Amino acid sequence: STANNRHLTAEGGATTGTGQVGNGIVLDGTNDQLEAIGYKGVTGGKQRSMETWIKTSAVEDAIMSWGQDAARKKWIWRLQDSSGRFRLDVSGGGRETNASVNNNVWRYVAVTYPENGRVDYAKFFIDGVATGFVGSYSNYPITGDYLDVRLGNDHSNRRLDGSLDEARISAVERSADWIKASYDNQKSSS
C-alpha cells in the first residue's frame, strides 16, 4: 500500500513471511513475482530511487524491473552473478556494486539515479552506506513504459529466490542522508 494508491499483486506462489519490518514477501524463484498492475515505473531519463530490504543467497536474480526490453529502455535492478553484487542494467550495459548482498541475512539496498544522467552516475547503497562500483556504462537511459513494475522478476525471467520487505520506488534522487535515515529507522536495533 502506498500514498500514491499503487499496490502490488502477488503472482505464482508468493507468500508472506517474516520480514525486516513486520511481514515481508517470500518468493521461491520458480514462478513468483509481485506486479504493480498499471504502474509503469519512472520512465524516460527522470531521476529515481529504489530501496528495499532483501534476504537471499541467490545469484543472478531480479529485484525490480520495468520498461521495454530494448537498448536503453529497460530498467532492471538485479543480482549480478555468484559474487552476490547487485547491478543496474539498462540493456546493453550497466553498473554494479563492488560488495555482495547475497549472504542470506536481511540487507538494506538502494540505488539512486539523477535526472537525465548517464548510467554510471547511479549510486549504490548497502545498509545505509554508499558502496563502490565495478563496471560502467556511459549511455543515457530512456526507460520505456511497456511493462508494469515487477518485483522478483525481470525481462529474462530471472525470478528471485528470497525475501523482500519495504520496497520503494521514488521519482526523486534520494540523498545519502535519506538512505541512511531509512536504514537506521528500520534496522533491527532501532
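User: Which residues count as positive and which as negative, and how far apart are the mean positions of the charges?

Analyst: Lys and Arg count as positive, Asp and Glu as negative. This is a predicted model. In the protein, 22 positive and 23 negative charges have mean positions 5 Å apart.

User: What does the radius of gyration say about the protein?

Analyst: Compare it with the value for a compact globule. With 190 residues, that value would be near 16 Å; the protein has 15 Å, which agrees. The C-alpha atoms fill a box of roughly 40 × 35 × 30 Å along the principal axes.

User: How many helices and strands are there?

Analyst: The protein has one helix and 15 strands.

User: Where does R158 lie, and is R158 buried or exposed?

Analyst: Buried means under 20% relative accessible area. R158 has 19%, so R158 counts as buried. R158 sits in the loop between strand 14 (147-151) and strand 15 (161-170). The R158 side chain makes a polar contact of 2.6 Å with the side chain of D154. Beyond its neighbours within four places in sequence, R158 touches several residues, including E60, D61, R78 and N153.

User: Is N153 buried or exposed, and which side chain does a polar contact join to N153?

Analyst: N153 is buried, at 0% relative accessibility. N153 is also in the loop between strand 14 and strand 15. A polar contact of 2.7 Å joins the side chains of N153 and Q33. Outside four places in sequence, the contacts of N153 include A62, S65 and R158.

User: What share of the whole protein is buried?

Analyst: Of the 190 residues, 51% count as buried.

Methods: Residues numbered from 1 in each chain as written. Predicted model: local features only at pLDDT ≥ 70, side-chain atom pairs only at ≥ 80, totals over all residues. Heavy atoms only, no water. Helix = DSSP H or I, 4+ residues; strand = E, 2+ residues; numbered from the N terminus. Buried < 20%, exposed > 50% of the residue type's maximum accessible area, 1.4 Å probe, protein only. Polar contact = N/O pair within 3.5 Å; in protein donor to acceptor, adjacent residues only side chain to side chain. Contact = heavy atoms within 4.5 Å. Rg over C-alpha atoms; globule rule 2.2 N^0.38 Å. Charge placed at Lys NZ, Arg CZ, Asp CG, Glu CD.
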